[in-house]
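Hi everyone, thanks for coming.

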Amino acid sequence: MKKFTLLVIGIILSILVGFTPKVKQSLEKIQDPKVQDIVNSYKKAIVDWPKPTIDHGVEWKEFQSIKTDTAYFTTQALPKVLLGKMLFFDPKLSGSQQISCSSCHEPEFGWTDARRVALGNDHLQGKRNTMSLLNIADRTSFFWDGRATTLEQQASGPIAAHNEMAMDLNLLPERLSKYQDYLKLFEDAFGDNKITTERIFNALAEFQKTIKSQPSRFDKFIDGNYTALTDEEIYGMHIFRTKARCMNCHFGKNLTDESFHNIGLTYYKREYEDLGLYEITKNPDDTGKFKTPSLRDLMITRPWMHNGLFDTLEGIVNIYNSGMQMNSPTPEQKIADPMHPVTDSLLKPLNLSKVEKKALVSFLESMTGTKYKMRRPEFPTK
């Protein structure tokens, strides 16, 4: 028994000794004077920060903080917003009267659904991850493939889609007109009680414009509270802006370029194939391109990517670290198949160290600040 105990202790000590150099090395790297100099270079006004690594031709914008929406409750009381909120949460807008817009855009899940892909009418699955509605008023196009250019178009598509809400739009106004409460809400919002699909989409759009992120520790740091982020997070921000090349696509207030890129995840001619923007433009150069998502509040909007296949930030950092160029065709393949997706040239192998990747993940986590969960309204019943 004594020999067994000594053996166990020996094994434990050998494990601890084996791990000690790695832990010590990691701590030494993060405490390196050069790293501390980098960290200190950000503890000042943003105009004096080190410039990010940006490729030629990229029209980027500096980070910008967001503020608390002090007009939120006033805005929520506006007649058109009140109507839009009621419509958004009401399952009467679906063919089965069992599904609402909020079925895929839950306030509790960062205005998405926490699923890999959307689940709609008759439990039919879509093929794409549900995009968050946070800060949607700032978007210039909508959906992963940009097929809608206005919030009204964005609102109308899912209601009519057979695998989402499956509602005949020609019948929707008549259905809502049977409720006196809705007639009153439409009169308050538009001046008369006529219910039309155009008014429904307009009210939904006005409500969605009020869905905004709340400031995070990242915003507080930008605004001058230099203790809001840890040194590791600040170093991760530096990696984000430089070696990791993230700011080529994620910048400005909402951390997106509002553009489309193929990052190597189109799964061409394989399971999960999705041709992305090509399905809208029919331009072979757009094969596999998807909208750059915002990084705001990303910790409450998982899983990520257009197909929802990634649930950890470490996994996402690793795929970007690889450069993803292994998925691009050879010149011969491209000639033989013009549709073959080409990974965006902005993606390059990054050669990030373990310490750099860990710091980068820490920084990404700091950009989530939204905590408010909207209560559901009581739907019209008469």
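Let's start with helix α12 (residues 313–322) and helix α14 (residues 354–365), whose axes come within 10 Å and cross at roughly 125°. Helices here are DSSP runs of H or I with at least four residues, strands are runs of E with at least two, and both are numbered from the N terminus. An axis is a line fitted to C-alpha atoms, for helices over the stretch in contact, and angles run from 0 to 180 degrees between N-to-C directions.

Quick word on where this comes from: it's a predicted model, where local features need pLDDT of at least 70 and side-chain atom pairs count only at pLDDT 80 or more, while totals for chains, interfaces and linings use all residues. Residues are numbered from 1 along each chain as its sequence is written, and side-chain values use heavy atoms, with hydrogens and water left out.

Back to our pair: α12 and α14 are therefore oblique to each other. The cut-offs are under 35 degrees for roughly parallel, over 145 for roughly antiparallel, 65 to 115 for roughly perpendicular, and oblique for the rest.

Who touches whom? On the α12 side you'll find Leu 313, Glu 314, Val 317, Asn 318 and Asn 321, and they meet Lys 357, Leu 360, Val 361, Leu 364 and Glu 365 in α14. Contact means heavy atoms within 4.5 Å. Those residues divide into 5 nonpolar, 2 polar and 3 charged. Nonpolar covers Ala, Val, Leu, Ile, Met, Phe, Trp, Tyr, Cys and Pro, charged covers Asp, Glu, Lys and Arg, and the others, Gly among them, are polar.

Next, α5 (151–160) and helix α8 (residues 197–208): their axes come within 8 Å and cross at roughly 110°. That makes α5 roughly perpendicular to α8. Residues in this contact include Leu 151 and Ile 159 of α5, and Phe 201 and Leu 204 of α8. By class, the contact has 6 nonpolar, 4 polar and 1 charged residues.

Now helix α2 (residues 33–40) and helix α10 (residues 231–241), which pack at about 80° with axes 9 Å apart. So α2 is roughly perpendicular to α10.

On to the backbone. Most residues other than glycine have a negative phi, and most peptide bonds are trans. Gln 97, in the loop between α4 (79–89) and α5, has a positive phi, near 60°. And the peptide bond from Arg 302 to Pro 303 is cis, with omega near 0°. You'll find Pro 303 in the loop between β2 (290–291) and α12.
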